[in-house]
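Keep the model open beside the text and check each point as you go.

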Amino acid sequence: MSLELWTNCRAATMQADAAQPYGLIDDVAIVVEGERIAWIGARGELPADLAARCERRHDGEGALVTPGLVDCHTHLVYGGDRAHEFELRLNGASYEDIARAGGGIVSTVAATRAAGEAELLRQSLPRLQALAAEGVTTVEIKSGYGLSLEHEGKCLRTARALAAHAPVDVRTTFLGAHALPPEFAGRTDDYVDEVLRMLAALHAQGCVDAVDAFCERIAFSTAQVERVFQAAQALGLPVKLHAEQLSDSGGAQLAARYGALSCDHLEWLSPEGAQAMAQAGSVAVLLPGAFYFLRETRLPPIALLREHGVPMAVSTDCNPGSSPCTSLLLMLNMACTLFRMTPEEALAGVTRNAARALGLGDRGVLAPGLRADFVLWRVCEPAQLAYAFGANPRLRTVFKGRAL
C-alpha cells in the first residue's frame with residue numbers, strides 16, 4: 001500500500017497525555033498509509049527510509065491540522081421544521097407548554113411519518129453536507145421521530161444511506177423512547193413494550209449502533225428507561241441517555257449503572273450523578289445550541305464535571321425543535337462563551353471526547369494506527385477555531401486518508 005506525506009503544517013494532535021497544550025507539534029510530518037496514520041511527529045524526526053517510501057507528498061500550506069471533528073449527538077433525519085413553535089416560545093409559551101399541547105417532538109413525528117425515505121434523504125442531506133463543510137468527519141444520527149417500527153426503521157435506513165452521499169462516517173442510535181406517539185396516549189408502559197419490540201427487530205436488521213432514551217418528566221421515567229437499557233444490554237448494544245435537561249431525575253446514575261457511553265444535556269446534574277458518571281467512565285455531552293435556542297438560564301455544572309474528571313464533549317444537537325443548527329464550529333464558540341469552557345476543552349469536546357462518547361477509539365486524536373481523518377485550517381492557533389463565531393476557516397479535509 002502506498003504512503004503519502006503531509007508537511008508544511010502544525011498539528012493539534014489532541015492527545016490527552018501530551019506535554020504541550022492541544023498536543024501541539026510544530027513543523028509536523030504526517031505519513032498516511034491507506035485509511036490510517038502510519039507516523040506523525042516533528043518533521044526533523046521523520047525516519048529517512050520512511051520519507052523515501054512516500055510516493056505522494058502534500059503541502060499543508062502552513063495550516064493548522066486537527067483531528068476530524070466528531071458531532072456525537074444529532075437528530076439530523078427528520079421531516080419539516082418547527083419555526084412556528086419558535087415564534088410561540090418568543091411570545092411566552094414554554095418548551096413544556098408546547099409539548100403538552102401536541103407540539104414539540106410529536107409535530108415532527110407527523111411530518112417525518114408523512115415523508116418517504118427519498119424525501120427524508122432529500123431534506124436531511126443538506127444538513128449533513130453543512131456539517132462536513134466545517135470539518136466534521138463522523139456524526140451520530142438518532143432516530144426518534146418515527147415512533148413506530150415502520151418509521152423508526154425508515155429514519156435509521158435514511159441515516160445509513162446518507163453516508164453514501166457525503167464524506168462522513170455515520171453512526172446510528174435508536175431513540176424509540178423519545179416521546180409518546182399519539183396512538184399510545186395515556187399508555188406509556190404499553191409504548192415501552194412496543195419500543196422493546198422495535199429494538200429487537202431493528203437490531204436484527206443491522207440498523208442500530210447504540211440505544212438512547214429521553215429520561216424526563218415530559219418523556220419517560222427512570223423505571224421505563226431501565227427496561228429499555230436492559231433490552232439493549234441483552235443485545236450487546238451500548239446505551240446513552242438524554243438526562244437532567246429539565247430536572248434532576250436521577251437519570252445519570254441510572255445510565256452509569258449500565259455503563260453508558262454518555263449522558264447528554266445535564267443542566268440539572270447533581271454531585272451524585274457526576275460521581276456516578278466518573279466511576280462509569282461516561283462522557284458528559286454538552287449541547288450549547290439547545291441551551292441558547294430555548295433561552296435556558298441554568299448552566300450545566302462545568303466545575304462539577306471538572307472536579308470529578310468527567311470528560312466533556314460538545315455537539316450541535318441538530319434537531320428541528322430545540323437546536324436547528326448545523327455548525328459544530330459555532331458550538332465551539334458557544335461552549336466557551338455560554339458555558340465558560342476553555343478553547344482547549346471545547347476542541348477536545350468535538351474531537352477526542354466526542355469520539356469517546358460514541359465508543360470509537362480509532363479517531364478523535366492524531367496518532368499512529370488511528371484513522372487518517374484530519375482537517376487543515378487557515379488559522380495559526382487552535383483557539384482561533386472557537387474565537388471567530390460565524391467563520392469557517394477550513395482549508396481541506398482528509399477523510400479515511402483521502403484528501404477532499
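## Notes on the model

1. Start with H265. This residue sits in strand β11. Keep in mind that the model is a predicted one. The phi angle of H265 is near 90 degrees, a positive value in a residue other than glycine. As a rule, most residues other than glycine have a negative phi. Is H265 buried or exposed? H265 counts as buried, because its relative accessibility is 2% and the cut-off for buried is under 20%.

2. Now look at M14. M14 also goes against the rule: its phi is positive, about 65 degrees, and M14 is not a glycine. You will find M14 in the loop between β1 (3–12) and β2 (24–25). M14 is buried, with a relative accessible area of 1%.

3. Go back to β11 and look at its sheet. Four strands make up this open sheet, in the order β10-β11-β12-β13, and they pair in parallel. Which strands stand at the edges? They are β10 (240–243) and β13 (312–314). Each has a single partner strand, so one side of each has no neighbour in the sheet. On average, neighbouring strands here are turned by 25 degrees against each other, direction ignored.

4. Strand β10 is joined to β11 (residues 262–265) by four bridges, and the two run parallel. To see one of these pairings, find K240: its bridge partner in β11 is S262. In general, strands of a sheet pair through backbone hydrogen bonds.

5. Strand β7 deserves a look of its own. How many of its seven residues are buried? Seven of the seven are, so β7 is largely enclosed by the rest of the structure. Strand β6 (residues 69–71) pairs with β7 in the parallel sense, over three bridges. Within this pairing, V70 has T138 of β7 as its bridge partner. Strand β8 (residues 169–177) also runs parallel to β7, and five bridges join the two. Here I141 has T172 of β8 as its bridge partner.

6. Next comes S143. S143 lies in the loop between β7 (136–142) and α6 (149–162). S143 counts as buried, because its relative accessibility is 2%. What does its side chain reach? A polar atom of the S143 side chain lies 2.9 Å from the backbone nitrogen of L175. Leaving out residues up to four places away in sequence, S143 touches H75, E152, C155, L156, T173, F174, L175 and G176.

7. Finish with two helices. The axes of α5 (residues 117–132) and α6 come within 10 Å. They cross at roughly 50 degrees.

Conventions:
Residues numbered from 1 in each chain as written. Predicted model: local features only at pLDDT ≥ 70, side-chain atom pairs only at ≥ 80, totals over all residues. Heavy atoms only, no water. Buried < 20%, exposed > 50% of the residue type's maximum accessible area, 1.4 Å probe, protein only. Polar contact = N/O pair within 3.5 Å; in protein donor to acceptor, adjacent residues only side chain to side chain. Contact = heavy atoms within 4.5 Å. Pairing = 2+ DSSP bridges. Axes fitted to C-alpha atoms, helices over the stretch in contact; angles between N-to-C directions.
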